[in-house]
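Thanks, everyone. I'll keep this short. Please have a look at the chain and its ligand first.

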Amino acid sequence: MKLTLKIWRQKNAQDKGKMVQYPIDGIDGDMSFLEMLDVLNNQLIEQGDEPVAFDHDCREGICGMCSLFINGEAHGPDRLVTTCQLHMRKFKDGDTIVIEPFRANAFPVVKDLVVDRSAFDRVQHAGGFISINTSGNTQDANAIPIEKVDADAAFDAATCIGCGACVATCKNSSAMLFVSAKVSQFALLPQGQVEATDRVLNMVNQMDEEGFGNCTNTGACEVECPKGISLENIARMNREFMSASLKG
Ligand code: SF4
Ligand code: FES
């Protein structure tokens, strides 16, 4: 395939940045989107040009690092896949592909397509964990019965990889889908009850401090989420937040 790539280039956080056009040839439908960018970068290096900076780590849909906005969609045109799992067969010969970083005030651009998503880490640190007593009298997890429906919903929430596609997609740059997944994975389990009140209050407060917007129930986040995280988690987080606020 021959393609035209229009890529956001930005030297550093202070640079204004601009779209730059690159022709590329010899792209196979079986290549992943990131492999296609590898081909471009080899080409740029051979020409003595600066390669395009982009985030990646696992390249198998687990780490949440690959954060590209492709033709106006987070993680591109496919559904329930990350950018690293997107294949070039989703495009056709002669296509123009526009590639931008995830955009949100809380995700400042570091360089080219790389954004700083440490705001998510700070939300996690505010309460996205449980404390387990390991002093010798710890109860075996398997000895605590949990309804299957709750176990399944907690597991589904725990599949959030923290990629930030929900934020990049939302017109308000809301992080509610991410934060609600992190709250829900514990709210549904007995192990998560000890810190439940503090968890939801602290995580929501941190989310607001980081500058993420609010949720207006558009649902675009759910559509673009590569892990299919459900809006039900936002409803659950709102209930948890309300009841924690009344207790507080
Ligand atoms: S909720 Fe989905 S889109 Fe948002 S960070 Fe988690 S996996 Fe990514
Ligand atoms: S590189 Fe890890 S999810 Fe894409």
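One definition before we start: I count Ala, Val, Leu, Ile, Met, Phe, Trp, Tyr, Cys and Pro as nonpolar, Asp, Glu, Lys and Arg as charged, and the others, Gly among them, as polar. By those classes, the shell around ligand 1 has eleven nonpolar residues, two polar and one charged. Keep in mind that this is a predicted model.

Stay with the ligand. Which residues come nearest to ligand 1? Out of 14 around it, they are Cys160, Cys163, Ala165, Cys166 and Cys225. Now the helices. Both α4, residues 165-169, and α5, residues 176-187, supply at least two residues of that shell. The most comes from α5, with three residues.

Next, Leu189. This residue sits in the loop between α5 and α6, where α6 is 196-209. Is Leu189 buried or exposed? Buried, because it has 20 C-beta neighbours inside 10 Å, and the cut-off for buried is 20 or more. Leaving aside residues up to four places away in sequence, Leu189 touches Ile146, Asp150 and Ala154. Take Ala154: 35 residues from Leu189 in sequence, yet their C-alpha atoms are 7.2 Å apart in space.

Last, the overall layout. The domain assignment gives domain 1 as 3-111 and domain 2 as 117-247. Their C-alpha centres lie 29 Å apart. Domain 1 puts 18 residues into the contact, and domain 2 puts in 17. What is the make-up by class on the domain 1 side? Where domain 1 touches domain 2, there are ten nonpolar, six polar and two charged residues.

That's it from me.

Key
Residues numbered from 1 in each chain as written. Chains lettered and ligands numbered in written order. Predicted model: local features only at pLDDT ≥ 70, side-chain atom pairs only at ≥ 80, totals over all residues. Domains from an automatic or database assignment. Contact = placed C-beta atoms within 7 Å. Near = placed C-beta within 6 Å. Helix = DSSP H or I, 4+ residues; strand = E, 2+ residues; numbered from the N terminus. Buried ≥ 20, exposed ≤ 12 C-beta atoms within 10 Å, placed from the backbone.
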